[in-house]
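Please consult the sequence and the structure shown here.

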Amino acid sequence: MEEEIELKTAPADFRFPTTNQTRHCFTRYIEFHRCTTAKGEESNDCERFAKYYRALCPGEWVEKWNEQRESGTFPGPL
């Protein structure tokens with residue numbers, strides 16, 4: 001019996017009404033890292049933000065932002 005795969009993406013957010021989801025992606029990435037800073041890396045409360053930004057953001061952007069965070073040059077408010 002084949003297992004059914006359920007695909008999901010981030011829910012609609014009234015703060016981002018346009019089809020261009022760049023800002024939505026960036027905001028979810030920041031929310032995830034703010035959450036892990038506040039609640040710790042192991043917090044399950046932050047996992048939904050991780051799912052959202054992973055669904056919205058291109059992998060190349062996330063890699064670049066992770067490198068920038070590690071080097072202290074990330075442009076966003078963390």
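## Salt bridges

D45 and K39 are joined by a salt bridge, with their closest N and O atoms 3.3 Å apart; the term denotes a side-chain nitrogen of Lys or Arg within 4 Å of a carboxyl oxygen of Asp or Glu. D45 is partly exposed, at a relative accessible area of 45% (buried means under 20%, exposed over 50%, partly exposed in between, with a 1.4 Å probe and protein chains only). The model is predicted: local features need pLDDT of at least 70 and side-chain atom pairs pLDDT 80 or more, while totals for chains, interfaces and linings use all residues. Residues are numbered from 1 along each chain as its sequence is written, and side-chain values use heavy atoms, without hydrogens and water.

The structure holds three salt bridges. In another of them, R54 meets E47 at 3.5 Å, N to O, and E47 is partly exposed at 35% relative accessibility. E31 pairs with R28 at 3.2 Å between the closest N and O atoms, and both residues are buried. Because E31 and R28 lie three residues apart in helix α1, about one helical turn separates them.

## Helix packing

Helices here are DSSP runs (H or I, at least four residues), numbered from the N terminus. The axes of α1 (residues 22-39) and α3 (residues 59-71) come within 12 Å and cross at roughly 40°, which means that α1 is oblique to α3.

In α1, T22, C25, F26, Y29 and H33 meet W61, V62, W65, N66 and R69 of α3 (contact means heavy atoms within 4.5 Å).

Methods. Axes are lines fitted to C-alpha atoms, for helices over the stretch in contact, and angles run from 0 to 180 degrees between N-to-C directions. Helices (H or I, at least four residues) and strands (E, at least two) are DSSP runs, numbered from the N terminus. Angles under 35 degrees count as roughly parallel, over 145 as roughly antiparallel, 65 to 115 as roughly perpendicular and the rest as oblique.
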